[in-house]
Amino acid sequence: MRFRRLKDWFDERYDFEEIFRPLRRKLVPSHKYETFYFSGGLVLFLFVMQYISGYALSLYYVPHPEHANKSVIEIVTKLNFGWFFRSFHHWCAQILIGVLFFHCFSTLILKSYRKPRELLWVTGVILLAIGIFFGLSGYLLVWDERAFAATRVATGGIGSLPIVGEYLKAFLRGGMDVTGDTLIRFYSFHVSILPVISIFLIGLHVILVQYHGMSIPQSVDPKEVRNVPFFPIFFYKDLMIWLLFFGIIVTLAILLPPEIGKKADPLAPPPENIKPEWYFLFLFQTLKLFPGEIFGLNGETLAVSLITLAILFFLLLPFFDKKSSRGERSPIFTAISWAYFLYFFLMTILGFLA
Amino acid sequence: MMIIISILIIFYPSFSFSEEAIPLLPERTFDRLIIYETLFVIWVFIGALCVVLYMKLKEAKRVEDLKLDKEEENVPFLE
C-alpha cells in the first residue's frame, strides 16, 4: 500500500512512460559484426564495478607515505573481505583496460569513427587515456618498492618530451622526484579528479551513442542488417556477458591475489627486472628500440616525441580519413588501423617476454 | 572440482610471491575451503542466471519474430 502511494506520488509529477519511451524504442542493428557492440556495454559495467570496489577501499586507505603501505596490508589482513575487494579492484582494472583497448581497436578497424561519429571517437580515446592514468595512479597507491620504481620510470619518460616535458613531470610528481607528495597527488587524481572527468565523459559518450545510433561497418550490406530492439533482446545478451566477466574477475581475485611488496624507500636501489604494467609495455619496448643518440639528438626525447605524435594522429584520425567520411573505401586507413593494432599487440608480447 | 580445490589448498603458498609473505588470503585452511566453495557456488549461480536469461532471450526473439509486440494498425476504437 505504501509503495502504491509512493508510485502514485511520482506518477502525478513525472510521466515515466514518456521519459522511458526512447529507451523502449531503441533499436540495434544485427549483423555479422554485432559481437563488437557488446564491448562498449562491458566497459560501462566494469567502470561501475571499479567505482563500487574503489569506494569500499577508500574508506580504509590512508594516503600518507608513512601509512599507505601499512594501510593496504591492514585492508588485506585485518578487514573482513578486505583482501577480496583489493584483489577484485586490481583484476577488474586489468580487464577494464584490456576491454577498453579491444573496444577502441574494434572501433578503429571497423571504422565506426567516420562521420558523424568523430566526437564519439575523441571522447572514447580520451576515456582510454583516463583508464590508463587510473591504472598508473592506482599502482602507486600500494606504495611499495616496485610501484615506486615503476612510477619513477613512467613519469621520467614524460619528462623527455620537448618543451613541456619537465613541467609535466614536475606537475605529475609534485616536485623533482617521486616523493610522498607524488603519492598524495596520485591519490587525489585516482579518487577525485579522474572519477569526475570519467563520469562526465562516459555520460557524454553514452548520450552521443544514443543520438547517433550504432555504426554499421561499411563492408556490411545494408540489406543484410536487421534492427532488433535493445530492450529486451540486446539487454539480455549484455547481462549474460556482464555475468560471465563478473565470474572471471571474482575467480582471478580469489586465485591470484596481487602481491604487496616492501614499503617504498626513496633512498633504496630499485628492485631488479622492473617492468611497467602490461598496458605500458608497448611504450617501454618502443623506448628500448631507440639508441641513446640519433643525429646528435637525444634518442629518448626523439622516441617520446614520435610516440606523442602517433597518439595525436590516433586521436584525430577521423578528421584525416576523408574517404570514409564520404562513405567510400579507404584502404590506406584500414592498413594504418591494422598497423596500430599489430604494433601494440606485438610490442606488448615482446615486452612481456623480454 | 574437489581435486582442483585440494590442489589449491595444498599448493597455495607457492602461488604467493610476496617478498615478506604477507598473507593475501585468509590463512586458515578451513577459511580457504569456504572461499573456494563460495567461488563454486558463485559459478553455479552465474550458470543458472545465464540459463534463465537465455530462455527469456529465446522467448523475446519468438515474440519479436511473430510481431506480437507490435500494435496492429487501423484497429477501430470500441466505444
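Q: Which residues is A:T151 in contact with, leaving aside its neighbours within four places in sequence?
A: A:T151 is in contact with A:L140, A:G156, A:V178 and A:F186. Contact here means heavy atoms within 4.5 Å.

Q: What sort of model is this, and how is the numbering done?
A: This is a predicted model, in which local features need pLDDT of at least 70 and side-chain atom pairs count only at pLDDT 80 or more, while totals for chains, interfaces and linings use all residues. Residues are numbered from 1 along each chain as its sequence is written, chains are lettered from A and ligands numbered from 1 in the order in which they are written, and side-chain values use heavy atoms, with hydrogens and water left out.

Q: Back to A:T151: where is it, and is it buried or exposed?
A: A:T151 is in helix α7 of chain A. Its relative accessibility is 0%, so A:T151 counts as buried. Buried means under 20% relative accessible area, exposed means over 50%, and partly exposed is in between, with a 1.4 Å probe and protein chains only.

Q: How many helices and strands are there in chain A?
A: Chain A has 15 helices and four strands. These are DSSP runs numbered from the N terminus: helices are H or I with at least four residues, and strands are E with at least two.

Q: What about its overall dimensions?
A: The C-alpha atoms of chain A fill a box of roughly 65 × 60 × 35 Å along the principal axes.

Q: How much of chain A is buried?
A: Buried residues make up 46% of the 354 residues in chain A. Of the contacts in chain A with a separation of 6 or more, 78% are between residues 24 or more positions apart.

Q: Which residues of α8 are buried?
A: In helix α8 of chain A (residues 165-173), the buried residues are A:G165, A:K169, A:L172 and A:R173. Seen down the axis of α8(A), they fall within an arc of 90 degrees, so they line one face of the helix. The arc is that of the directions from the helix axis to the C-beta atoms.

Q: Why would residues a few places apart point the same way?
A: An α-helix has 3.6 residues a turn, so residues three or four places apart point the same way.

Q: What covers that face, and what comes just after the helix?
A: The cover of the buried residues of α8(A) includes α6 (118-140), α7 (145-158) and α9 (180-212) of chain A. Just after α8(A), A:G174 takes a positive phi of about 70 degrees.

Q: Switching to A:T251, where is it and what does it contact?
A: A:T251 lies in helix α10 (residues 230-255) of chain A. Leaving aside its neighbours within four places in sequence, A:T251 is in contact with B:L39 and B:W43. Its relative accessible area is 18%, and A:T251 is buried.

Q: And how is chain B built?
A: Chain B has two helices and zero strands. Buried residues make up 22% of its 79 residues.
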